[in-house]
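Work through the exercises below with the structure open. Try each task before reading its solution.

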Amino acid sequence: MNLLKCFNRLQSSFKKLKIFCFAFVQFFLLTAYVNAENNFVESEIIRQSSFKGKVVDENNLPLIGVSASVKGKSISTMTNAEGEFSLRAAVGDVVVFSYMGFETFEYPVRTLEPAFVKLVPTTSALNEVTVTALGIKREKKSLGYSVQEIKGEVFEKVKEPNIIASLTGQVAGLTVYNKTGTFQAPAFNIRGSSSILVVIDGVPMGTDTWSINPDDVDKIDVIKGATGAALYGAAGSNGVIMVTTKKGGNNPRGLSVNFNSSSVFNAGYVALPEYQTEYGQGLNGQYVDGTSYLHMWGPKLNQPDPTTPSGFVEFPQWNSPRDPVTGEKIPLPWITRNTNPIKEIMENGYTLNNSVSVGGNNDLGDFRVGYNDIYRKGNTPNTNLFNRTFDVSGGYKFYDKLKVDAKVSYNNLSSDNYEDVGYNWDNFILHIGNNLGANVDLEDLKNYWVPGQEGLTQRTWNPGRNNPYWHLNENIHVYNRDRFSGWVKANYEFSKHLNLTARISQVYNSLQQERKENKGNLASTSNLDGSYTNSSSRSTDMNADWLLRYNKKHFNETIGIDALIGGNARVINSRALSGGASSLILSDFYNLSNKADFNTASNSSSKKLVNSFYGTLNLDWKSKIYLGITGRNDWSSSLTRPNNSYFYPSFSLSGIVSEMVSLPRFVSFAKVRASWATGRNDVAAFWNDMVYSIGNFNGTPTASYGASLNSSNLMPDKTESAEVGLDLRFFNGRLGFDMAYYTKIDKDQISTTAISGASGFTGKRENGGGIITKGFEYSINGSPIRNTNFTWNSTVNLSYYKQYVHSLAPGQTKYGTYYRMGERINRVRGLEFERSESGDIIYAAGLPVLTTTYEPISSGEYVDPKLVYGFINNFRYKNWGLNMVIDGRVGGVMYNYMYANMMISGAAKQTAVDGVRDKQFIGTGVKVIGGELLKDVSGNVVYDSRQYAPNDVPVDYYAWVQTAYKNNYSVNAFDATYIKLREVALSYQIPKNWLKKTAIKNASVALVGRNLLLYTGVLYTDPDVGSDDAGQGPSVRNIGFNLNINL
Amino acid sequence: MIKLFYKYSFLLILVLSSCTKGFDDIENSNNSTIVPPSTLFTGISRSTFVGLGEAGQQSAQFFVHTNGGALDEITYFFRRNNFSEYDILRNVERLRIETINQKAPEHYLGLAKFFKAYLMVQLTQKVGDIPYSDALKADENVVRPKYDTQKDLYIAVLRELDEANDLIPATGTVTGDIIFDGTLIKWKKLVNTFKLRVLMSLSQKEADTDINVATQFANIVNNPTKYPLMQSNADNAMFKYYDVSGFRHFWASSTDALNYRMCTTLGDILKANQDPRIQKFFNVPASPAGGNPADFSVYKSIDHGVPTSTSSSIQTTTSPLNSRYIGSATGEPYIQVSYHELQFVLAEAAFRGWITGDVESYYNEGIRSSCRFYSIPDATINTFLAGNVKYDATKGLQQISTQRWIGYFMNSGYEALWNHRRTRARGFDPSNPNLPLGYPTFNIGPVNNNDGKIPNRYQYPENEGRLNTENLTEAVQRQFGTDDINGIMWSLIKL
């Protein structure tokens, strides 16, 4: 709790902290330079009396930061930027060189002549170490489940405000849905589950992805199944994104400073709605001003008329000035005044990402300070996003056996205004996207108040739609979140084989949001007199845990035992308070006192405790067969006894086939693995309480009881997952292949099933149905070219899954509303054209007939993609590097609201091709000329004797479009297949000799681009967003540069 | 190693023993898990007695809508009812439980029994058989309750009302009372008055010896000490409206109510009888302007069941609802059970010979108290009583029923319609042309979505068919064969 107080105090003095932070960084920049100079002098002296040399890789390129130590003595050093080292060693000593990713090499010193050491990369996974649950490092080859690692370099050059976007295509089984809004986190799922735990340095941090500072990331391990995450309990049962941050200890001995600056600018669009520019607003070819619900089905624009001053047809319009004498509207020319309102209203946004870190280490400890500042100016005018992170981490060895590490991180995520998104009238894209046509002068719209009624009444082209400039300036969302997280960890080594870790961590979130809506909002759902809401919430999530680990080989080194027990206590607290003022008195003044009508206020708070006890036992036989068992028991305060105590085990088994049988020479490594795990998930605090809601009748208190019966014997829901996998490496690791097949059953899902109201309740909350997810993942990586000057590394990730109904709630015949037992879920449902037996569209009075119920569409498609892929290439030629990420999805159906609305409103380009509006329209299809169709109550056809003739009834084109495109999946749903050039980074490493006389050890510059090219059949919008465009804005291309300097 | 284990096993013990420590100290700070019974009583009173809108009134042919309106009841297309009574009954059940748990005064138990009876009767009158003995037991895992027959239901309800009377004392006060300002004796009077309404609604079952309608009726009337009844309009169970947001009259901001016009069915009777209530119910038409409210001939009506084109075309020349019903925040208190209704019930009981009182004096007292509710002076009432409405024993049932029906104008929910249904004997025996078509005679207009008939009931809720299929199917089959709005429920079938 002291930690919390400390956080609170830190937060209250945030401003001071910021100043301190800058001062701190500047101080280190200065001292770093001085120190670098000193180091140089110091090493000069040492060099004269020591063993020195150079360490290179297989391509003879110098390796920086290789640890060189004298065996049996506490003398060690690291190689410098040239790969050179020097240390005090005598003839007869053995110097051990070790470096991540390379085989450890022991060099017996026979002479003090400079040595030339070439390290060999680890060709198999033999020595690869990975971080597993609870931050425990284990050999990767021993794992019986699927983990995919992404190195920090991936995030180094090309930045996204939210790091998840950078993971698109990088991991097989991780599907990322990127969105276009200024302040929208990408949606993502692992193996079809979207509730993914984020763990930073072994400490669970909830599901927030904004506070992961990309420059702070050393690597990310994505644990896909429940087995690897079993020890994280409920939160991890769908997978874990495990972030390992950079430590001071990763830097070469002494002080090092890293500066990274990246700037990307919007450079056009990869997806954008297209507008017709030939017709203006109105209906049925007539201009309509004022009262009607406006569409772009008005008169043709740009028609010459020699009798008018402009030479074009003129008539009074929405923005006509009035004759001062008669008060009549003065005619204006009816001409095209904009070609694409979205494009013209949007601005060029940019994202600046600057970070600086200072780190150092010695034999006893390490520390690192980092500051990261992301600023995004949205391409929607008047929107922005700030994301700033300040980290301090360090560790110190107090005794040989006791090491203490700690980290504190502060993140501020804020926006002065961000655009509302989604399919609602607070999304300004919907106001302009659907209804703002070519006749509207956007410059004129910028004066968005009616003269004389400033702050009260909007001036707009359409009485039912907000003026976009009003919307952007007078309908404001403010967001400000402070997030502190920190942990302290102590590790005590009783012996080489037994150690104890104790850790306490806390995440503190403080969020303030404001919604400022000025007078004059025309959006149907909103208040014409304006409103203001101010809500704040605070939450803390504290974890205290301990771990006792024993690790030793027994029986002549044949049986390895790695056992662990531990416990965790978690406390989750939250508080929220919200106030609102409705109907503002003063325009453009946002305070809760400024209310003409009434104030609203609400608050809530909750507390939840979860205690856990867990253990693992990992056994290996001669490092060839590995068996892992984990078990965890949770006690949760949000469930009732005895169901609040629940146990879940996991098992994994893997065998290194290549060590057991003799395989062809080109197979350098082969592993098979299998695992099975369960997870249990509790509910939110108070969720299962039976409560009264209270109110009053004219001052007399009233109460009423909840309509849903919560089961007092609610069990936590259950996840069972099984996975088999294969890990193959060929040609000394030049080619790797990893495959996984999994099934995942989510069952005993807690849901509220409807029951007869006569029972006293209309719903009953109980453990019910379940679904099963089945999927494959493939990851292929290779180095087709690897020589001194040129390397090419390539990775292909492929994955897909399908979900089926696994079980039903008691007494139910369907899962949810639609799906029967065993049926595949997420089938696309909607209206479509009614068709004759021969497949022709049926017409009635010249208009197409649509089905009336949201049944599965006849193509039998599903929302989920058939395949998700990523193709990543890294090329290096001398100092040049080229990174390229291509990714995409195959299949899946996306409903395109933007397109549908623009068709219906007549704004879409497709509504004005080939003069289609100027003639009568006869839709292709048939009409019924006799016979009858009879259906029973369930909608099944009893008999159908209809006879058809080709449709020959002409209608107005707009009438046809407005019928044909209304909620019709036949025309508005698109195959969401796409391929995207996600990322390109061309980088250049500044040659070392250019930097010789500076303090700079390393420097690189890069030209970067993101979201560069899109190829898809989807019109107007970027299918990256998912199964529904939700009225999103255009998809922007980003181009910029990156500068990285190491001192 | 062993030593180490001993040394640190205390940690393990510590953790295991404290696994649920502190769990019980966490209290729900967002919602209350316990409330005083009075708050439930207030909420139940509100939900039960809040004034019903227009459905029951329009189908009872008091007034007609002139622009179509949205209610199916206007065209006698009675669709699916919902089971919203059970939502209130859930809280009635909580009132019972909280009273017991908190050892609150017993009169809350009596009130809970009254509300249970009241709501069950309200619902069964709409649809027929409903779950009763199996109902409200979801927490005992009865999620598909069986339907009780209407007979079993009524037997149980009458018993509940008896128990309610026993539990409510004749003196003292109750907290949370928005109907009678806390006077318990008025609740006791309501219980017994309501019981007489229920018994009269079973008049077709006079011969049923399991119920003994007449005996039960007489027992109450003959023992006023044990079973006090309403004694004046001051005892009316009424729901009052307040000029406070959320508690205003249901038509306080309705423009729809402006479209209602006097229905000929009511208008002709009021005019023929020179009924002084006409000017309390309706305004004179807007056109021609300047009509004298005291002149019966200026009131014009529209027939029930005419097309909207017809009714809207004569909108301005026909009589709208009295302005006090429309656009007023407090409107008029909404009566649910009244003293004048009781008088007509007693009159009919005397007419049927269940009790020994004088039919005419009950009848006259009924009309008088109804008129008094509208503050009509006694002199006017006396003149009125001596006129065309004067009791005539040869037309006793017809007169009592008609006056009872008029008394239900703008109150008591569906009672007007259900009583009309009860007296509509020919509807239940079409073979006998001498039976009455219900009192008074209703018009069947061209706009009727029920084959020219006035329906007898609502259909069961759609979700009941999904969620309680077997029990509902059984109940429907044993009563009506199919879920037909013209089906005749048990209480209407003459034994």
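The exercises below use a predicted model.

**Exercise 1. An open sheet in chain A**

Task: Find the strand order of the open sheet of 5 strands in chain A, then locate its edges.

Solution. 
- Step 1. Read the order across the sheet: β10-β15-β16-β13-β14 of chain A, with mixed pairing.
- Step 2. Go to the edges. β10 (147–151) and β14 (203–204) of chain A stand there, each with a single partner strand, so one side of each has no neighbour in the sheet.
- Step 3. β13 (residues 197–200) and β16 (residues 240–245) of chain A run parallel and are joined by 4 bridges.
- Step 4. A:L197 stands opposite A:V240 in β16(A).

**Exercise 2. The surroundings of A:N427**

Task: Is A:N427 buried or exposed? What does its side chain reach?

Solution. 
- Step 1. A:N427 sits in the loop between β23 (402–415) and α7 (428–435) of chain A.
- Step 2. Apply the cut-off. Buried means under 20% relative accessible area. A:N427 has 2%, so it counts as buried.
- Step 3. Look for polar partners. The side chain of A:N427 reaches the backbone nitrogen of A:I429 at 3.0 Å. A polar atom of the A:N427 side chain also lies 2.9 Å from the backbone oxygen of A:G1031.
- Step 4. List the contacts, leaving out residues up to four places away in sequence. A:N427 touches A:D420, A:V421, A:G422, A:H471, A:A1030 and A:G1031.

**Exercise 3. The interface of chains A and B**

Task: Describe the contact between chain B and chain A by area, residues and polar links.

Solution. 
- Step 1. Get the area. About 4,300 Å² is buried between chain B and chain A, and carbon and sulfur atoms give 68% of this.
- Step 2. B:F23, B:I26 and B:R90 supply 14% of the area that chain B buries against chain A, more than any other three residues.
- Step 3. Count residues. Chain B brings 55 residues and chain A brings 48 residues.
- Step 4. Search for salt bridges. The rule finds 1 across this interface. A:R641 pairs with B:D24, with the closest N and O atoms 3.3 Å apart.
- Step 5. Assign helices on the chain B side. α1 (2–17), α2 (37–49), α4 (84–101) and α18 (462–467) of chain B each supply at least two residues. α4(B) gives the most, with 6 residues.
- Step 6. Sort the chain B side by type: 27 nonpolar, 16 polar and 12 charged residues.

**Exercise 4. Salt bridges within chain B**

Solution. 
- Step 1. B:D235 pairs with B:K189, closest N and O atoms 3.1 Å apart. The pair links distant parts of the chain, 46 residues apart: B:D235 in the loop between α8 (213–221) and β2 (237–239), B:K189 in helix α7 (residues 184–201) of chain B. B:D235 is buried at 4%, and B:K189 is buried at 9%.
- Step 2. B:R352 pairs with B:E348 at 2.8 Å. They are 4 residues apart in helix α12 (residues 339–352) of chain B, so about one helical turn separates them. B:R352 is partly exposed at 26%, whereas B:E348 is buried at 1%.
- Step 3. B:K390 pairs with B:E360 at 3.0 Å, N to O. B:K390 is partly exposed at 45%, and B:E360 is partly exposed at 24%.

Key: Residues are numbered from 1 along each chain as its sequence is written. Chains are lettered from A and ligands numbered from 1 in the order in which they are written. This is a predicted model: local features need pLDDT of at least 70, side-chain atom pairs count only at pLDDT 80 or more; totals for chains, interfaces and linings use all residues. Side-chain values use heavy atoms; hydrogens and water are left out. Two strands pair if DSSP finds at least two bridges between them. Buried means under 20% relative accessible area, exposed over 50%, partly exposed in between (1.4 Å probe, protein chains only). A polar contact is a pair of N or O atoms within 3.5 Å; within protein, one must be able to donate a hydrogen and the other to accept it, and residues adjacent in sequence count only if both atoms are side-chain atoms. Contact means heavy atoms within 4.5 Å. Buried area is the accessible area (1.4 Å probe) that two parts lose on being put together, summed over both. A salt bridge is a side-chain nitrogen of Lys or Arg within 4 Å of a carboxyl oxygen of Asp or Glu. Ala, Val, Leu, Ile, Met, Phe, Trp, Tyr, Cys and Pro count as nonpolar, Asp, Glu, Lys and Arg as charged, and the others, Gly among them, as polar.
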